[in-house]
Structure formats: C-alpha cells, structure tokens
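Have the model open next to you and go point by point.

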Amino acid sequence: MDAHTRPDLTHSALITIDTQNDFTLENAPACIPGTRDVIANMCRLLELYRNQGLPIIHVIRLYLPDGSNAELCRRHMIEQGQPLVAPGTEGAELVRALKPAASVKLDAKTLLAGAFQVIGDNEYIMYKPRWGAFYATGLEAFLHHRGVNTLVFSGCNFPNCPRTSIYEASERDFRIVLVTDALSQLNAQGERDMRTIGVQLLDTQALAHQFSRVATSS
C-alpha cells in the first residue's frame with residue numbers, strides 16, 4: 001500500500017454483491033458453492049458498517065422472465081423457462097441474514113428503473129444490468145456525492161461480478177479492499193491479480209482491527 005492506494009476507512013462504503021437466495025441457498029437454480037459459508041462474515045461486516053453509520057450498498061441482479069435483460073450466456077436458460085432472480089420471487093431476495101430487518105423486500109420497479117432502494121440508515125439496494133456494478137448504473141455518482149473514496153467488497157462468486165466490479169472501481173480511482181473470508185469462489189490467482197492492481201486483501205477480523213485503530217487515533 002502507498003499513499004494512493006491505502007484505504008481510507010472513514011470515507012468507505014461496504015459493497016455486497018449478488019448475495020441472493022437463487023445464488024446462495026442449497027438446491028437453488030444457480031447456487032454458487034461456498035457462498036453460504038461466508039454469510040456469517042458478511043453479517044459481521046454489515047454490523048461493523050451499521051455501527052459506524054457508513055454507507056452499505058447491496059448490489060443485486062434481476063432477470064426478467066423473458067431473459068431480455070440477461071447476459072447473453074444466460075438468456076437461453078431463462079427463455080427455456082428456468083426462472084432466476086426473477087422480480088417478485090423469493091429467489092431474487094437478499095439472503096435474510098443480510099437484511100437490516102426481516103420485512104425488507106426488493107422493490108423491483110424502483111430498482112429496474114435505476115434508482116437506489118433505501119432499506120435502512122445509510123443502507124441501500126441497487127440493481128446492475130450486467131456483471132459490473134458500475135456498468136450503466138448511477139453508482140459512481142452516488143458514491144462521490146457521499147464523499148466515498150474507498151470500497152470494501154464482499155459477496156458472491158469472485159470470478160464474475162465481484163471481480164468485474166473491482167476492476168471497474170479501480171478504473172474510477174477508488175481505493176479498494178477485498179475481504180477474503182467474506183467473498184465466495186476467491187482463489188490464489190485471483191488474490192495475486194487483485195494485489196497487482198493495488199487492492200488490499202484483508203479478512204474480516206483484520207478489517208475490524210483497522211477500524212478500531214482508526215477510532216483510537218481519532
């Protein structure tokens with residue numbers, strides 16, 4: 001880390017990616033192995049950010065029943081009648097443990113229109129139409145408006161959406177932390193690739209320790 005890439009946690013936001021029932025629960029249509037195993041650490045991160053009053057953005061996917069807004073590689077499956085994170089279904093919902101309240105439900109109309117759904121104090125859900133959280137979304141402006149310069153990533157399936165979102169964040173000069181034990185499908189090559197672009201790799205405990213150091217020094 002140097003002065004350009006060192007995380008500034010007091011101006012950070014926590015990003016969770018695609019931790020939805022259809023990608024997480026056993027026997028779900030597109031269950032990503034290992035995602036259930038990182039939920040407990042994701043909850044610790046959420047508790048930390050809620051206690052700090054810092055922004056939390058849950059980034060999610062929604063596929064229309066006709067597949068028209070899906071990536072090309074998934075359209076055929078959806079067109080053939082396989083529902084996947086379809087608006088209004090339980091499979092599209094955030095995993096219950098991540099919600100600030102059990103009553104929180106996705107507002108598909110708001111999300112598909114590109115707006116951010118408020119679900120708690122400084123906590124939001126946003127829809128992304130492709131792998132990356134910045135592609136054709138208002139995320140960059142949303143973060144800059146709130147003075148965020150550092151992004152902390154957690155969630156589901158590193159090789160696809162988290163990885164793409166991290167590269168997009170790097171392209172936009174955000175400082176980046178990847179929480180290694182709160183992200184499924186992370187591998188050694190991925191960790192090496194992340195370090196190459198200046199991403200700091202921390203586990204949940206180390207991140208909490210860094211927050212405590214910031215609080216002590218302030």
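1. Start with Val118, whose bridge partner in S4 is Tyr124. The two strands involved, S3 and S4 (residues 123–127), pair in the antiparallel sense over three bridges; pairing here requires that DSSP finds at least two bridges between the strands. They make a hairpin with two residues between the strands, and Asn122 in the turn has a positive phi of about 60°. Strands are DSSP runs of E with at least two residues, helices are runs of H or I with at least four, and both are numbered from the N terminus.

2. Before going further, a word on what you're looking at. This is a predicted model, where local features need pLDDT of at least 70, side-chain atom pairs count only at pLDDT 80 or more, and totals for chains, interfaces and linings use all residues. Residues are numbered from 1 along each chain as its sequence is written, and side-chain values use heavy atoms, with hydrogens and water left out.

3. Now zoom out from the hairpin to the sheet. Seven strands form an open sheet with mixed pairing, in the order S3-S4-S2-S1-S5-S6-S7. S3 (117–120) and S7 are the edge strands, each pairing on one side only. From one strand to the next, the twist averages 25°; axes are lines fitted to C-alpha atoms (for helices, over the stretch in contact), and angles run from 0 to 180 degrees between N-to-C directions.

4. How many of the residues of S1 are buried? Six of the six, so S1 is largely enclosed by the rest of the structure. "Buried" is under 20% relative accessible area, "exposed" is over 50%, and "partly exposed" is in between, with a 1.4 Å probe and protein chains only. In a regular strand, side chains alternate between the two faces of the sheet. You can follow that along S1: Ser12, Leu14 and Thr16 point one way, while Ala13, Ile15 and Ile17 point the other.

5. S1 also has a parallel partner on each of two strands. With S5 it pairs in the parallel sense over six bridges, and Thr16 stands opposite Ser154 there. With S2 (residues 56–60) the pairing is again parallel, over four bridges, and Ile15 stands opposite Ile57.

6. Next, look at H6. This helix lies across S1 (12–17), S5 (150–155) and S6, running at about 165° to S6. Its buried residues are Cys161, Pro162, Ser165, Ile166, Glu168 and Ala169. Seen down the axis of H6, they fall within an arc of 165°, so they line one face of the helix; the arc is that of the directions from the helix axis to the C-beta atoms. These buried residues pack against S1, S5, S6 and H7, where contact means heavy atoms within 4.5 Å. After H6 comes Asp173, with a positive phi near 65°.

7. Gly198 follows H7 and has a positive phi, near 85°.

8. Arg6 is partly exposed, with a relative accessible area of 43%. Leaving aside neighbours within four places in sequence, Arg6 is in contact with Met1 and Arg175. Arg6 and Thr150 are 144 residues apart in sequence, yet 8.8 Å apart in space, C-alpha to C-alpha.

9. Finally, the whole chain. It has eight helices and seven strands. The radius of gyration is 17 Å, close to the 17 Å that the globule rule gives for 218 residues, so the chain is as compact as a globular protein of that length. That radius is taken over C-alpha atoms, and the rule is 2.2 Å times the number of residues to the power 0.38. Of the 218 residues, 50% count as buried. Among contacts between residues at least 6 apart in sequence, 67% join residues at least 24 apart.
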